[in-house]
Amino acid sequence: MDLWQEFHGPNAAYILDLYERFRRDPASVTPDAQALFQQWQPDGDRPQRSSETSEVLGEVSADKIMAVVNLATAIREYGHLAARIDPLGLANPPGDPALHASAHALSDDDLRALPASLVGGPMAGATDAANALEAIERLRGVYSATIGYDYDHIRLPEERAWLRDAAESRRFRPPQEPLDPLWLLELLTRAEAFEHFLHRIFPGKTRFSAEGLDMMVPMLDVMLGEAAEAGIYTILIGMAHRGRLNVLAHILNKPYDELLKEFRDTAGEDHPVREYLGWTGDVKYHAGASRALANGNPVDLVVTMAPNPSHLEHVNPVIAGMARAAGTRADRPGRPHHTAQAVLPIVIHGDAAFPAQGIVAETLNLQRLRGYRVGGTIHLIANNQVGFTTSQWEGRSTLYASDLAKGFKIPIVHVNADDPEACIEVARLACAYRQKFATDFVIDLVGYRRYGHNEGDEPRFTQPQMYAAIDRQPTVRQQWATTLAGRGIIAAETSDQLFQQQLDHLNTIYSTLPDEPAAALEPQLPPPPGGAARRAQTAVAADTLAALNDALLAVPDGFRVNRKLSRVLDRRRDLFADPGAPTVDWAAAEALAFASILADGTPIRLTGEDVERGTFSHRHALLRDESSGAVYIPHQHIPQARASFEVRNSPLSEAAAIGFEYGYNIQAPERLVIWEAQYGDFINTAQAIVDEFLVSGRAKWEQTPSLVLLLPHGYEGQGPDHSTGRLERFLQLAAETNVRVANATTAAQYFHLLRRQAALLLTDPLPLIIMTPKSLLRNARVYSPLRELAEGRWQPVIDDAQAAAQRDAVRRLVLCSGKVYVDLSADPRRAECRDVAVARVEQLYPWPGDELAEIVAGYPNAREVVWLQEEPANAGAWEFIQPRLLRLLDGRLPLRLIARPRRASPAEGTMAMHVLSQAALLDRAFEVND
């Protein structure tokens with residue numbers, strides 16, 4: 001048995017220590033260790049090591065042997081601290097004392113006297129490593145050259161061993177894995193010439209050049225090739241501005257003429273842009289694209305770059321959600337089937353943003369969670385070594401830009417962006433690791449930024465020394481060409497000739513551009529059919545609903561539902577005994593809506609904070625056996641279903657969680673995707689996702705989201721952070737029919753709202769924001785009869801049935817929305833007050849102007865219209881509603897507001913204060929002035 005091959009690093013040191021103790025006193029070690037060392041020790045009667053090793057072990061102390069092992073371990077773990085990863089060489093690598101032989105009381109002579117096998121791993125196995133000194137130097141050549149392998153935080157032995165072997169065997173580096181040097185030169189030439197041409201033809205125009213990180217383009221090309229070889233034909237790329245146009249041109253093959261027309265930007269008086277549903281477009285370095293690329297396989301490689309705003313890292317969860325959807329089959333009943341490695345997501349980060357923006361950590365946290373796993377994402381940090389003008393030491397508290405990933409046990413490799421062969425090796429390594437372990441991998445591509453943050457910026461004001469070095473630095477294309485000329489592969493002048501040919505090619509394209517705007521400057525998405533929402537049929541036959549209800553209540557034999565919950569569910573068995581009685585509560589209506597949608601063949605993905613049970617213990621979409629803990633999800637087992645159902649608790653995150661569901665929804669628009677907040681107030685932390693993607697994605701990028709947000713909303717004395725779904729913010733963002741906003745007050749309304757959304761997914765998709773109830777979940781006043789589900793439809797506005805019998809007596813028409821209506825209708829004065837009518841605005845956007853006009857006209861003797869809301873005057877719907885109601889009333893009736901006063905904080909902090917404020921609102925609502 002060869003202990004040197006079985007153990008290395010700290011384990012080898014420990015074994016050597018035990019062996020030394022055994023030699024002094026065999027009884028000082030365990031019987032198992034005694035048996036092991038008796039077989040191994042160099043004794044003439046037992047198996048021996050080589051004569052060289054035996055001689056060495058006889059002459060050198062165990063301390064020296066352990067010292068070699070410790071030195072090798074230090075290089076493996078901390079060698080990256082001495083790696084030359086900065087192409088500018090602005091500062092010496094930090095290093096570590098443990099990397100020096102002297103720190104281990106070793107000299108070169110000591111190392112020469114010891115066998116290479118002490119170092120362990122492929123370096124020790126090399127036949128031409130004469131001794132430990134040569135093996136150590138080769139180890140340094142791996143871990144402290146232009147690649148820094150940062151793995152010491154990886155805790156899974158299998159992953160760690162694989163990564164060490166991959167690095168030390170160099171199996172992904174030429175010549176072990178061949179690299180076409182001329183292909184690399186050609187791609188670097190195209191990348192650099194593209195930037196050079198744009199800089200010359202469009203001086204000062206912002207493009208966020210890739211120069212200084214040019215190798216990003218060949219690395220991505222390698223990743224695409226590796227994916228195709230692994231049978232992965234869907235590639236999703238998310239990235240911020242830096243190098244985006246270059247990647248569009250040379251990875252997604254976006255035609256040069258389209259890119260040049262976008263730079264020329266001819267839209268104006270001579271080329272008017274057609275207005276369509278608020279379409280605005282976006283700047284060229286935010287744009288996305290999708291291309292099918294022939295790759296020699298029967299299936300084309302489909303590469304998609306998602307559009308991304310200037311909130312640099314917010315595309316991260318969007319890409320993850322897209323990848324999850326693309327790898328998931330949902331067209332069969334039961335659970336959706338996810339294939340972990342059907343898709344390759346690649347996310348390119350900025351070095352300043354990666355450690356600084358919280359959404360990065362939120363997204364990294366999703367990588368190992370069921371319901372969110374995508375089979376691993378390759379992260380590439382485009383490391384300029386500077387932010388806009390902020391230096392590294394001002395922008396992060398960590399040594400590396402990538403250190404955040406260590407907390408999630410993700411392997412990290414730092415690589416010098418001016419070493420092409422090292423960059424290609426790392427790209428191959430990342431793909432192979434992901435393919436084997438189906439988890440994330442981070443590449444820290446350390447380069448520079450040849451110009452300022454944008455091409456009109458002067459970086460020498462803030463980084464004069466850095467830019468003096470950049471001015472002296474030859475491009476990576478020039479360096480690679482010099483290398484190839486030195487190897488005799490090309491002539492010295494070949495590179496410049498290729499570069500000029502590419503410039504000439506671009507100039508020819510530019511000079512022959514037609515006088516017309518780029519396709520990106522014209523909307524391409526056809527408008528939805530008019531009136532689709534009004535025509536949607538949402539009623540479900542009573543017998544169908546009864547059958548669905550029975551199926552939802554069935555559980556497997558022997559499955560023991562919690563006894564308290566079982567009593568709740570049992571009450572649903574007689575739900576439809578009287579079709580006219582209001583017996584269907586909110587949770588039952590939702591369960592029936594989901595079941596009927598599945599029966600229609602539409603898959604459902606329901607996620608959110610505590611969504612499986614429901615924050616308010618009302619949903620119970622997932623049941624657990626109270627004895628075994630086994631899980632049963634009723635919607636996955638109903639025989640009527642023709643599509644899959646998925647319900648997942650999301651992590652306590654809003655920005656990444658909603659961004660993920662947005663991406664999932666965009667990638668799979670035929671599925672009903674729903675996210676629910678624990679409380680509606682929590683939407684605050686996802687504001688950038690809402691602003692930049694959900695409500696404006698169509699106007700900017702012609703995306704068609706239909707994501708549903710369920711935001712528990714209502715003033716119930718629970719304080720400023722548990723009262724409001726920030727209705728006012730969604731209404732402020734509502735324009736050009738970009739969203740649907742509803743505040744339903746009955747279970748039937750909620751049922752029809754969900755079914756309408758499912759019916760419109762492919763014909764008239766829009767995001768749906770629902771202010772959902774809390775205490776009202778169990779309030780009988782929101783229950784509905786079976787008849788309203790079986791025969792009704794969504795009503796944007798609901799008139800006052802009580803007042804309709806005596807319309808001429810009404811002097812005040814109160815319009816309101818949501819829970820305040822229930823409070824008003826529960827007040828004893830409601831039954832006695834004949835001169836007040838209360839109508840509910842259930843759909844706030846799109847604005848139901850026609851329906852409201854009809855209701856106002858139905859009260860001919862009304863003297864005023866009141867808008868009643870429980871939110872403060874500067875919150876809720878008032879500031880959205882007021883101008884629209886004034887236009888509708890056109891001076892015929894005065895419009896008054898009854899609300900809490902304008903406030904900085906949305907709600908009272910105590911129940912007592914809440915009760916007083918709420919009572920005051922109701923008092924004012926019933927006070928009719930003669």
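Guide: Helices (H or I, at least four residues) and strands (E, at least two) are DSSP runs, numbered from the N terminus. This is a predicted model, where local features need pLDDT of at least 70 and side-chain atom pairs need 80 or more, while totals for chains, interfaces and linings use all residues. Residues are numbered from 1 along each chain as its sequence is written, and side-chain values use heavy atoms, leaving out hydrogens and water.

Quick overview before we zoom in. The chain holds 37 helices and 26 strands, and its C-alpha trace spans about 110 × 80 × 55 Å along the principal axes. Of its 930 residues, 58% count as buried (under 20% relative accessible area; exposed is over 50%, partly exposed in between, with a 1.4 Å probe and protein chains only). Look at contacts (heavy atoms within 4.5 Å) between residues at least 6 apart in sequence, and 80% of them join residues at least 24 apart.

How far does the predictor trust all this? The average pLDDT (its confidence in each residue, from 0 to 100) is 91, and 92% of the residues score at least 70.

Now for the part I'd pick: an open sheet of eight strands. Its order is β1-β9-β10-β8-β7-β2-β4-β3, and the pairing is mixed (two strands pair if DSSP finds at least two bridges between them). At the edges stand β1 (147–150) and β3 (289–293), each with a single partner strand, so one side of each has no neighbour in the sheet. On average, neighbouring strands here are turned by 15° against each other, direction ignored. (Axes are lines fitted to C-alpha atoms, for helices over the stretch in contact, and angles run from 0 to 180 degrees between N-to-C directions.)

Strand β3 runs antiparallel to β4 (residues 301–305), and five bridges join the two. In that pairing, Ala-289 stands opposite Met-305 in β4. Then there's helix α14 (residues 315–326), which lies across β2 (234–239), β4 and β7 (343–350) and runs at about 170° to β2.

Rings come next, and the structure holds 22 aromatic pairs. (Rings of Phe, Tyr and Trp, the last by its six-membered ring, pair if their centres lie within 6.5 Å; planes under 30 degrees apart are stacked, over 60 edge-to-face, the rest tilted.) Tyr-149 and Tyr-151 have ring centres 5.7 Å apart and planes at 55°, so their pair is tilted. Both Tyr-149 and Tyr-151 are buried. With Phe-208 and Tyr-285, the centres are 4.8 Å apart and the planes at 75°, so this one is edge-to-face. That pair links distant parts of the chain: Phe-208 is in the loop between α10 (181–201) and α11 (216–229), while Tyr-285, 77 residues away, is in the loop between α13 (256–264) and β3. Phe-208 and Tyr-285 are both buried too. Elsewhere, ring pairs gather Trp-162, Phe-172, Tyr-433, Phe-437 and Phe-441 into a cluster.

Most residues other than glycine have a negative phi, and most peptide bonds are trans. Lys-409, though, has a positive phi near 55°. Lys-409 belongs to the loop between α17 (392–395) and the sheet strand β9 (412–416), and at 33% relative accessibility it counts as partly exposed. Asp-890 has a positive phi as well, near 50°; you'll find it in the loop between α36 (878–889) and β26 (895–900). With a relative accessible area of 58%, Asp-890 is exposed.

There are cis peptide bonds to spot, too. One joins Pro-174 and Pro-175, with omega about 5°, and Pro-175 sits in the loop between α9 (157–169) and α10. Another joins Tyr-845 and Pro-846, with omega about -5°; Pro-846 is placed in the loop between β24 (843–845) and α35 (849–857).

His-620 is buried at 16% relative accessible area. Leaving aside neighbours within four places in sequence, His-620 is in contact with Leu-565, Glu-612 and Arg-613.

Notes: pLDDT is the predictor's confidence in each residue, from 0 to 100.
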